[in-house]
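Please look at the sequence and the model first.

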Amino acid sequence: MHLPHAMADPPTLKPLVAVGQVTSTPDKELNFAACARLVQEAAHRGACLVFLPEGFDYIGSNTAQTLSLAEGLDGDLMGRYAKLAKEYGMWLSLGGFHERGQDWLTTQRIYNCHVLLDPAGNIVATYRKTHLCDVELEGRVTMKESSFTNPGNEIVAPISTPAGKLGLSICYDLRFPEISLALRHAGAEILTYPSAFTMPTGSAHWEVLLRARAIESQCYVVAAAQTGKNHEHRTSYGHALVVDPWGAVVAQCHEGTGLCYAEIDLDYLRRIRQEIPVHSHRRPDLYGTVAAMGLAPVP
């Protein structure tokens with residue numbers, strides 16, 4: 001007599017995230033149509049969260065156009081993205097919205113705002129870029145984001161999503177490890193850097209900075225990106241990617257627009273943190289603790 005074998009528990013499906021690479025232009029309608037197609041594709045692949053890059057709404061060809069196209073969070077465009085999230089039951093990381101804030105009439109400046117939408121279309125978090133990109137590479141790149149953008153004044157606590165606890169940043173924030181360490185200190189498991197890197201800075205620094213942030217924080221790092229010619233004066237680097245907590249690039253977009261996909265394995269993350277417990281090895285008695293105002297530490 002043969003006894004039936006005990007049935008093993010089925011393997012747990014790991015959450016799948018989709019990371020977008022787009023070429024935004026000053027045409028907001030075309031940009032929305034392109035992003036909506038990516039969200040639809042990600043939904044059909046079973047992703048729970050879609051990441052779109054800085055400037056997903058548009059990239060203006062000059063400062064006047066950039067300011068004139070900006071909207072509030074209660075405007076038409078964000079309403080359309082809320083409907084998109086609801087239609088497909090997706091979390092959306094909208095990584096750099098040109099926001100006319102409540103001080104628009106007095107400052108005539110906007111915010112670079114990372115908006116997180118839940119599957120009901122609710123805005124569950126907004127992070128306004130705290131480090132503005134004022135860079136001048138002689139003969140190659142000149143940017144002065146502070147000339148038309150207000151800096152944010154707070155780091156936002158990590159948000160629980162089906163993929164893990166998500167810490168929000170934007171592009172140039174990548175160059176400041178303090179923000180990633182503060183988010184890790186507050187419990188982040190995924191750090192996200194939606195970006196519009198230039199060709200010179202991207203080719204030199206993009207991947208190495210993202211991998212460094214992943215290794216030092218022992219988090220997944222997700223970086224959606226602008227790619228290609230946004231307008232006659234600007235070309236973006238691309239190479240949207242996902243880095244795991246060991247520092248390995250586990251997904252990356254190639255040339256052109258599209259998506260890459262990665263599974264988020266939090267058991268793997270916890271194992272790495274246990275095997276190399278850098279978080280508990282820090283010496284705050286020597287150099288202090290990197291923590292953000294108002295963010296409670298998580299062991």
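A salt bridge, as the term is used here, is a side-chain nitrogen of Lys or Arg within 4 Å of a carboxyl oxygen of Asp or Glu. This is a predicted model, in which local features need pLDDT of at least 70 and side-chain atom pairs count only at pLDDT 80 or more, while totals for chains, interfaces and linings use all residues. Residues are numbered from 1 along each chain as its sequence is written, and side-chain values use heavy atoms, with hydrogens and water left out.

**Exercise 1. Describe the salt bridge of E275 and R271, and state where the two residues lie.**

Step 1: the side chains of E275 and R271 meet with N to O at 3.5 Å, and the structure holds 11 salt bridges.

Step 2: both residues belong to helix 7, 4 residues apart, which is about one turn of the helix; helices (H or I, at least four residues) and strands (E, at least two) are DSSP runs, numbered from the N terminus.

Step 3: for accessibility, buried means under 20% relative accessible area, exposed over 50%, and partly exposed in between, with a 1.4 Å probe and protein chains only. E275 counts as exposed because its relative accessibility is 54%, whereas R271, with a relative accessible area of 44%, is partly exposed.

**Exercise 2. Which residue forms a salt bridge with R80, and what lies under the charged end of R80?**

Step 1: the partner of R80 is E29, with the closest N and O atoms 2.7 Å apart. The pair joins distant parts of the chain, since R80 is in helix 3 and E29 in helix 1 (residues 28–45), 51 residues apart.

Step 2: R80 is partly exposed at 23% relative accessibility, and E29 is partly exposed with a relative accessible area of 46%.

Step 3: the salt bridges extend to a network that links E29, D76 and R80.

Step 4: the charged end of R80 also sits over the ring of F32, 4.2 Å from its centre; a charge sits over a ring if NZ of Lys or CZ of Arg is within 6 Å of the ring centre and within 35 degrees of the ring normal. In another such arrangement, R128 lies over the face of Y111, at 5.9 Å from the ring centre.

Step 5: F32 itself belongs to one aromatic cluster with F56, Y81 and F97, and the whole structure contains 5 aromatic pairs. Rings of Phe, Tyr and Trp (its six-membered ring) pair if their centres lie within 6.5 Å, and planes under 30 degrees apart count as stacked, over 60 as edge-to-face and the rest as tilted.

**Exercise 3. Locate M90 and list what it is in contact with.**

Step 1: M90 is in the loop between helix 3 (76–88) and strand 3 (91–99), and is buried, with a relative accessible area of 2%.

Step 2: contact means heavy atoms within 4.5 Å. Leaving aside neighbours within four places in sequence, M90 is in contact with V39, A42, A43, A47, C48, L49, V50, A85, L117, D118 and P119.

Step 3: one of these, A47, is 43 residues apart from M90 along the chain, yet their C-alpha atoms are separated by 7.7 Å.

**Exercise 4. How many residues of helix 5 are buried, and what covers them?**

Step 1: helix 5 (residues 177–185) is mostly covered, with 7 of its 9 residues buried, namely I179, S180, L181, A182, L183, R184 and H185.

Step 2: the covering elements include strand 5 (123–128), strand 9 (164–168), strand 10 (190–192), helix 6 (199–217), helix 7 (266–275) and helix 8 (278–281).

Step 3: just after helix 5, G187 takes a positive phi of about 105°.
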